[in-house]
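Welcome, and please open your viewer. We will start with the whole chain and then zoom in, one selection at a time.

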Amino acid sequence: MRIFFMLLPWLELFTLIQLGIKTSALTALLYVLATVVLGVFILRRQGAQMLERVRDIQMGRAAGAQLLVDDLSMGLAGLLFIIPGMITDVVALIVLIGPLRRSLARLLGVKASVSETGGSMGASTVYEERGHVTIEGQYSRVDEGEKP
């Protein structure tokens, strides 16, 4: 793994050179500029949503683990788009697309699923990681004479 991270900048440079050879240098530069702009856009948008969710978590209206699963992975995708090169862009697309992200998480040993339940339970989130199950959710007590 260490060797891969040492070779990654060189592989990224190689992919951009090959893109410039196959098309033109201007196309390669526009590609890098477009992915940087896309990455900054994703980071700004996700940052604003993340702050809103942190407020919801502090007020008790949302589950905290969902912030880690979705928002941080979208932030990672934005950062990967900012790094020039095509390898990190492919990884960013994998992280950006929900089903691929969940498949990657399953391969790494983390399972997360969101289920909607009716009645007074609201939304609950079930997380499984290496045999441990955590259920997060909200409930309200309904006595026999009351209607929700």
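Begin with everything shown: of the protein's 148 residues, 23% count as buried, meaning under 20% relative accessible area, with exposed over 50% and partly exposed in between (1.4 Å probe, protein chains only). This is a predicted model, where local features need pLDDT of at least 70, side-chain atom pairs count only at pLDDT 80 or more, and totals for chains, interfaces and linings use all residues. Residues are numbered from 1 along each chain as its sequence is written, and side-chain values use heavy atoms, leaving out hydrogens and water.

Now switch to cartoon view. You will find five helices and three strands, in the order α-α-α-α-α-β-β-β along the sequence; these are DSSP runs numbered from the N terminus (helices: H or I, at least four residues; strands: E, at least two).

Next, select residues 2-22, which form helix H1. Leu 11 lies in this helix and is partly exposed, at 34% relative accessibility.

Then pick Phe 4 and Phe 5. Which arrangement do the rings of Phe 4 and Phe 5 have? Their centres are 5.6 Å apart and their planes stand at 65°, so the pair is edge-to-face. Rings of Phe, Tyr and Trp (its six-membered ring) pair if their centres lie within 6.5 Å, with planes under 30 degrees apart counted as stacked, over 60 as edge-to-face and the rest as tilted. A search of the whole structure finds one aromatic pair. Phe 4 is partly exposed at 38% relative accessible area, while Phe 5 is exposed at 52%.
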